[in-house]
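Q: I am new to reading structures like this one. Could you walk me through a few features, one at a time?

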Amino acid sequence: MNKNRLALIEKAFKKLDKTGDGFVTIEDLKGVYECKNNADYQTGHKTKDDIFKVFLQKFEVGGHVDGKVTKEEFQNYYAGISAAIDTDVYFDLMMRQTWKL
Ligand SMILES: [Ca+2]
């Protein structure tokens with residue numbers, strides 16, 4: 001990945017890491033992301049923590065699935081996505097829209 005893309009990933013990670021401890025965990029998502037619209041939450045099949053755990057798992061690529069997303073795992077996740085996106089302009093747009101950077 002080039003510098004531009006890495007910088008965007010870094011920015012998104014910092015935004016997600018509310019507590020600033022270098023990991024994205026359930027604590028970082030509380031009060032930031034809503035799961036009111038999640039069907040499993042509405043029916044009581046899943047708790048907020050369950051939903052956040054699934055959300056975090058998606059980013060735990062190439063590391064340990066332990067509910068703590070490291071910057072490396074986050075970069076690995078986006079390396080996969082980045083490979084499928086040809087232009088920096090589109091990657092930039094996608095990151096800004098996803099994370100409201
Ligand atoms: Ca954190």
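A: Gladly! Buried means under 20% relative accessible area, exposed over 50%, and partly exposed in between (1.4 Å probe, protein chains only). This is a predicted model: local features need pLDDT of at least 70 and side-chain atom pairs pLDDT 80 or more, while totals for chains, interfaces and linings use all residues. Residues are numbered from 1 along each chain as its sequence is written, and side-chain values use heavy atoms, without hydrogens and water.

Q: Which residues are buried in helix 5?

A: Helices are DSSP runs (H or I, at least four residues), numbered from the N terminus. In helix 5, the buried ones are Glu 73, Phe 74, Tyr 77, Tyr 78 and Ser 82. Their cover includes helix 1 (3-16) and helix 6 (88-99), judged by contact, meaning heavy atoms within 4.5 Å.

Q: What kind of aromatic pair do Phe 59 and Tyr 77 form?

A: Rings of Phe, Tyr and Trp (its six-membered ring) pair if their centres lie within 6.5 Å; planes under 30 degrees apart are stacked, over 60 edge-to-face, and the rest tilted. The structure holds eleven aromatic pairs. Phe 59 and Tyr 77 are edge-to-face, 4.6 Å centre to centre with 70 degrees between the planes. Phe 59 is in the loop between helix 4 (48-57) and helix 5, and Tyr 77 is in helix 5, 18 residues apart.

Q: Why does Phe 59 count as buried?

A: Phe 59 counts as buried because its relative accessibility is 3%. Phe 59 also forms a tilted pair with Trp 99, at 5.9 Å and 50 degrees.

Key:
Helix = DSSP H or I, 4+ residues; strand = E, 2+ residues; numbered from the N terminus.
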